[in-house]
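Subject: Structure for your review

Hello,

Here is the structure for you to look at. My notes follow below it.

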Amino acid sequence: MKVINVKKIFPAKLDKIVEKRYGTRKDFVADYDNKFPHPKGVSIESLSKKWFAGSGLPTPQVIYNLSKLLNCDIDYLLTEQEEYKKEYKALSEFTNLSTTA
């Protein structure tokens with residue numbers, strides 16, 4: 001089984017998709033803070049600097065929020081998956097079984 005270095009992959013993937021979706025990290029941080037406000041009013045800015053630098057990883061909840069905000073799969077952010085979103089086919093296409101009972 002291949003070992004994946006998430007601390008190396010995540011910053012590169014995050015940087016790539018943030019640049020594509022927002023253009024700037026500042027716009028990304030503002031949108032994240034707006035859509036997922038911290039209960040104590042703390043900005044994600046200082047944490048995101050660590051993520052981009054590869055010196056820290058977000059919590060599972062924040063990774064989930066990032067995938068929703070950036071419209072990508074969690075797998076894209078944490079693995080070597082190249083597509084932002086995988087397309088899944090219906091099981092019936094593989095089994096030739098009907099989708100009705």
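Is aspartate 31 buried or exposed? Aspartate 31 is buried, at a relative accessible area of 17% (buried means under 20%, exposed over 50%, partly exposed in between, with a 1.4 Å probe and protein chains only). Aspartate 31 sits in helix H2 and touches Tyr22 and Leu69, leaving aside residues up to four places away in sequence; contact means heavy atoms within 4.5 Å.

On conventions: this is a predicted model, in which local features need pLDDT of at least 70 and side-chain atom pairs count only at pLDDT 80 or more, while totals for chains, interfaces and linings use all residues. Residues are numbered from 1 along each chain as its sequence is written, and side-chain values use heavy atoms, with hydrogens and water left out. Helices are DSSP runs (H or I, at least four residues), numbered from the N terminus.

Helix H2 (residues 25-35) packs against helix H3 (residues 45-53) at an angle of about 130°, the axes being 10 Å apart. Axes are lines fitted to C-alpha atoms over the stretch in contact, and angles run from 0 to 180 degrees between N-to-C directions. H2 is therefore oblique to H3 (under 35 degrees is roughly parallel, over 145 roughly antiparallel, 65 to 115 roughly perpendicular, the rest oblique). Arg25, Phe28 and Val29 of H2 meet Glu45, Ser48 and Phe52 of H3.

Phenylalanine 52, in helix H3, is buried with a relative accessible area of 11%. Its C-alpha lies 9.3 Å from that of lysine 13, 39 residues away in sequence.

Regards

Conventions:
Helices (H or I, at least four residues) and strands (E, at least two) are DSSP runs, numbered from the N terminus.
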